[in-house]
Amino acid sequence: MSLLVVGSVAFDSIETPVASREHVIGGSAVHFSYAAALFAPVKLVGVVGEDWPNEFTQLLSERGVDTRGLEVVEGKKTFYWKGKYLPNMNDRETLDVQLNVFGEFDPVLPEDYRQSRLVFLANGSPHLQLKVLDQVADPQLVVADTMDLWIQQEPEALLRLLQRVQGVVLNDSEAKLLTQEENLIRAGHKILELGPDFVIIKKGEHGAMLFSAEAIYVLPAFPTCDVVDPTGAGDSFAGGMMGFLAEAGKADATTIKSAIAYGTLTASFQVEDFSLERMKSLTRADLDQRFESFREMMRFE
Ligand code: AMP
C-alpha cells in the first residue's frame with residue numbers, strides 16, 4: 001500500500017551525557033521515512049532552505065524515499081532543532097528551535113501523492129498536517145504524531161485534526177499534557193474520546209501501549225544498553241510500524257500488533273547511534289532476526 005509522510009526535515013544539534021553532534025540530518029519526516037523505506041516505498045512531503053546539502057536528499061533517495069515532495073526554498077533556512085538529554089537518556093530539553101521555512105510551509109502535493117492509502121502526519125504543526133490531509137483523495141488509514149510545542153501553541157487545530165485521523169502516536173508526557181491526566185490508562189481513553197480509533201502511547205525504554213475501544217495491548221521495549229542518542233526513536237518507531245502496514249497491505253487489529261513490534265525494534269536500532277548513522281547499515285534481515293529474539297523473550301505458558 002502506498003505510504004505518504006509529512007513532517008519536519010531538519011538540522012539537529014544534539015547533546016547527550018556522553019557525546020554531542022552539531023547540524024546533523026534529522027527531522028520527524030526524515031527519521032520516519034528512512035525507517036519506513038526498509039519495508040515499503042515512501043513519499044515524503046517536506047521543506048528545506050537553500051542551506052540543505054544535496055547529499056542529504058540523496059541519502060533519502062538512495063534508501064527508496066520519493067523526494068519529489070521535498071520543496072527547496074531559495075534564500076531561506078532549514079528548520080533547526082537543538083536538544084539535550086538528561087542522564088536517564090529518556091527525558092530531554094529543547095535548547096533551541098527555529099522553524100524557519102517549516103513555519104511558512106504551504107505544500108502542494110504532486111498528483112500521484114494524492115492517491116496514497118496510508119498517511120503519517122509526523123510531528124509538525126497541526127495546521128500543516130490538516131493542509132496535507134485535505135489533499136489526499138481517499139486515505140485508508142491516517143495516523144498522526146504530535147508534541148508539547150503543538151499541544152501548547154495550536155490546541156484547537158490539534159483537536160480538529162484528532163477528529164479526522166484513525167490513529168495517534170504520542171509519548172507519555174505528551175499524552176498527559178494533552179489530557180491533563182496523570183494516569184496513562186485514563187489518558188489513553190480520554191484521547192480515544194477526542195476522535196481516533198486507536199492511540200499508541202510510547203513510554204521510551206518502558207515500551208508502548210495500544211488503546212482502542214475493544215482492548216488495551218502492551219509491549220515492552222527491546223532491552224538494550226546500547227543507547228547512544230534517543231533522537232528519532234519516536235519517528236523511527238512510527239516508520240517501522242507504518243512501513244510494516246504498507247508492506248502487509250492491511251491494517252486490521254492483529255496486523256497493527258505486529259506492526260507495533262516492528263516499530264519497537266526499528267527504534268531499538270535507531271538509538272544505537274546519532275542521526276541516521278546506525279540506520280544506514282540496517283537491513284530488513286537485521287530486523288527480522290531481532291524480531292525472533294524479541295518474540296522468544298516474551299514467550300510464556
Ligand atoms: P523524536 O526523537 O522521534 O521525538 O523526534 C526527533 C526529531 O523531531 C528531531 O530530529 C527534530 O528535528 C524533530 N523535531 C523537534 N521538535 C520539533 C517540532 N516542534 N516539530 C517538528 N519536528 C520537531
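Ala, Val, Leu, Ile, Met, Phe, Trp, Tyr, Cys and Pro count here as nonpolar, Asp, Glu, Lys and Arg as charged, and the others, Gly among them, as polar. This is a predicted model, in which local features need pLDDT of at least 70 and side-chain atom pairs pLDDT 80 or more, while totals for chains, interfaces and linings use all residues. Residues are numbered from 1 along each chain as its sequence is written, and side-chain values use heavy atoms, without hydrogens and water.

**View 1. The shell around the ligand.** The ligand is surrounded by 20 residues (a heavy atom within 4 Å), of which nine are nonpolar, eight polar and three charged. The closest are Ser-8, Asp-12, Gly-27, Gly-232 and Asp-235. With three residues, α8 gives the most to this shell (helices, H or I, of at least four residues and strands, E, of at least two are DSSP runs numbered from the N terminus).

View 2. Shown are pairs of N or O atoms within 3.5 Å. The side chain of Asp-235 places an N or O atom 2.8 Å from a ligand oxygen. A backbone N or O atom of Gly-234 lies 3.1 Å from an oxygen atom of the ligand, and a polar side-chain atom of Trp-150 is 3.3 Å from a ligand nitrogen.

**View 3. The open sheet.** Nine strands with mixed pairing follow the order β5-β4-β1-β8-β9-β10-β11-β12-β13 (strands pair if DSSP finds at least two bridges between them). β5 (65–73) and β13 (216–219) are at the edges with a single partner strand each, so one side of each has no neighbour in the sheet. β4 (residues 42–49) pairs with β5 in the parallel sense over seven bridges; Val-48 has Val-72 in β5 as its bridge partner.

Terms used:
A polar contact is a pair of N or O atoms within 3.5 Å; within protein, one must be able to donate a hydrogen and the other to accept it, and residues adjacent in sequence count only if both atoms are side-chain atoms.
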